[in-house]
Amino acid sequence: MNIILIGFMGSGKSTMGIRLSYRMKQPYIDTDKYIERRAGRTISEIFESEGEEAFRRMETEALEALLADGTRDHVIATGGGMPVNEANHSLLKSLGVVVWLRITPESVLERLASDTARPLLQRPDREQVIRDLMEERAPLYAKCADVIVDVDGKRVERIMDEIFTKSRGVWKRKKRMRHE
Ligand code: S3P
C-alpha cells in the first residue's frame with residue numbers, strides 16, 4: 001500500500017516519511033522534491049517566477065503522474081498545500097491511505113521560527129499567516145484524511161507507531177471495499 005502524509009508546513013511529513021520508509025522498507029517520495037526535479041527549480045524560484053497557482057497545478061500533475069506510473073508500496077510526503085485544490089482529494093485517496101499529521105499553530109511557529117525555504121511564511125506577520133492558513137486548511141485536511149494523528153508533544157517513534165497501526169486498519173477496509 002502507499003501511505004500518503006498530508007498536513008501543515010512543519011508538521012513533520014518529511015521526517016516521518018523518511019523514518020516510515022525505513023521501517024516499512026518502502027521507497028520514499030516527497031512531492032515537493034519531485035516537482036523541483038521536474039521543473040529544475042526550487043519551490044521558492046517557482047513561486048517567484050510563476051506564482052502560487054502554477055505551483056498548485058504542478059502539485060496536481062505530480063499526483064496524476066504518480067497514479068499513472070502505478071506507484072505502489074511507497075511512502076509519499078506531500079506539500080502542506082496539497083489539499084488546497086479540491087481536485088487533489090480524490091487523487092490522494094486513490095493513491096492510498098491518507099494520513100493527516102495534525103499540529104497546532106503554536107508548534108508550527110516554534111518549529112519554523114528560522115525557516116527561509118517556505119515562500120508563504122517569508123512575511124513579518126508570520127504568526128497571523130500561520131493561524132489564518134491553518135483555519136482555512138483544517139477542514140480540507142479533514143476531508144482528505146483516512147487517518148488523523150496528532151503530533152504535538154509526541155516522539156517520532158510514537159507518531160510512527162500510530163501511523164502504522166491506524167493505516168493498516170484503514171488499508172484492510174479499503175481493500176475489502178475494492179473487492180466487494
Ligand atoms: C506549502 C508547503 C510547502 C511547499 C510550499 C507550499 C504550503 O511544503 O509545498 O512551500 O502551501 O503549505 P511543506 O509542507 O513540506 O513545508
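So, salt bridges: a search of the whole structure turns up 15 of them, where a salt bridge is a side-chain nitrogen of Lys or Arg within 4 Å of a carboxyl oxygen of Asp or Glu. Before I go through some, a word on the model. It's a predicted one, so local features need pLDDT of at least 70 and side-chain atom pairs count only at pLDDT 80 or more, while totals for chains, interfaces and linings use all residues. Residues are numbered from 1 along each chain as its sequence is written, and side-chain values use heavy atoms, with hydrogens and water left out.

Okay, take Glu 106 and Arg 131. Their side chains meet in a salt bridge, at 3.2 Å from N to O. This pair ties together distant parts of the chain, with Glu 106 in helix α5 (residues 105–111) and Arg 131 in helix α6, 25 residues apart. Helices here are DSSP runs of H or I with at least four residues, strands are runs of E with at least two, and both are numbered from the N terminus. Glu 106 is partly exposed, at 42% relative accessible area, and Arg 131 is partly exposed as well, at 30%. For those words, buried means under 20% relative accessible area, exposed means over 50%, and partly exposed is in between, with a 1.4 Å probe and protein chains only.

Next pair: Arg 118 and Asp 115, whose side chains form a salt bridge at 2.6 Å, N to O. Which side of the cut-off does Asp 115 fall on, buried or exposed? Asp 115 counts as buried, because its relative accessibility is 12%. Arg 118, on the other hand, is partly exposed at 29%.

Then there's Arg 123 with Asp 125, a salt bridge at 3.0 Å, N to O. Arg 123 has a relative accessible area of 44%, so that's partly exposed, and Asp 125 is partly exposed too, at 32%. Elsewhere, salt bridges with shared partners join Lys 154, Arg 158, Glu 162 and Lys 166 into one network.

Arg 168, Lys 172, Arg 173 and Arg 176 make up a positive surface patch. Patches take residues with over 30% relative accessible area and no salt bridge, joining like charges within 9 Å and nonpolar side chains (Val, Leu, Ile, Met, Phe, Trp, Tyr) within 5 Å. Of that group, Arg 168 is found in helix α7, residues 156–179, and it counts as partly exposed because its relative accessibility is 44%.

On to Leu 140, which lies in helix α6, residues 126–144. Leu 140 is buried, with a relative accessible area of 15%. So what does Leu 140 contact, leaving aside its neighbours within four places in sequence? Pro 83, Val 84, Glu 86 and His 89, where contact means heavy atoms within 4.5 Å. As for Pro 119, 21 residues away along the chain, its C-alpha is separated from that of Leu 140 by 21 Å.

Last thing, backbone angles. Most residues other than glycine have a negative phi. Lys 25 isn't a glycine, yet its phi is positive, about 55°. Lys 25 is found in the loop between α1 (13–24) and β2 (28–30), and it's exposed, at 74% relative accessible area. Asp 73 has a positive phi as well, near 55°. Asp 73 is found in the loop between α3 (43–68) and β3 (75–77), and with a relative accessibility of 38% it counts as partly exposed.

How values were computed
Accessible areas come from the Shrake-Rupley method with a 1.4 Å probe; for residues, only the protein chains shown count as cover. Lys and Arg count as positive and Asp and Glu as negative; His and the chain ends are not counted. The place of a charge is taken as NZ of Lys, CZ of Arg, CG of Asp or CD of Glu.
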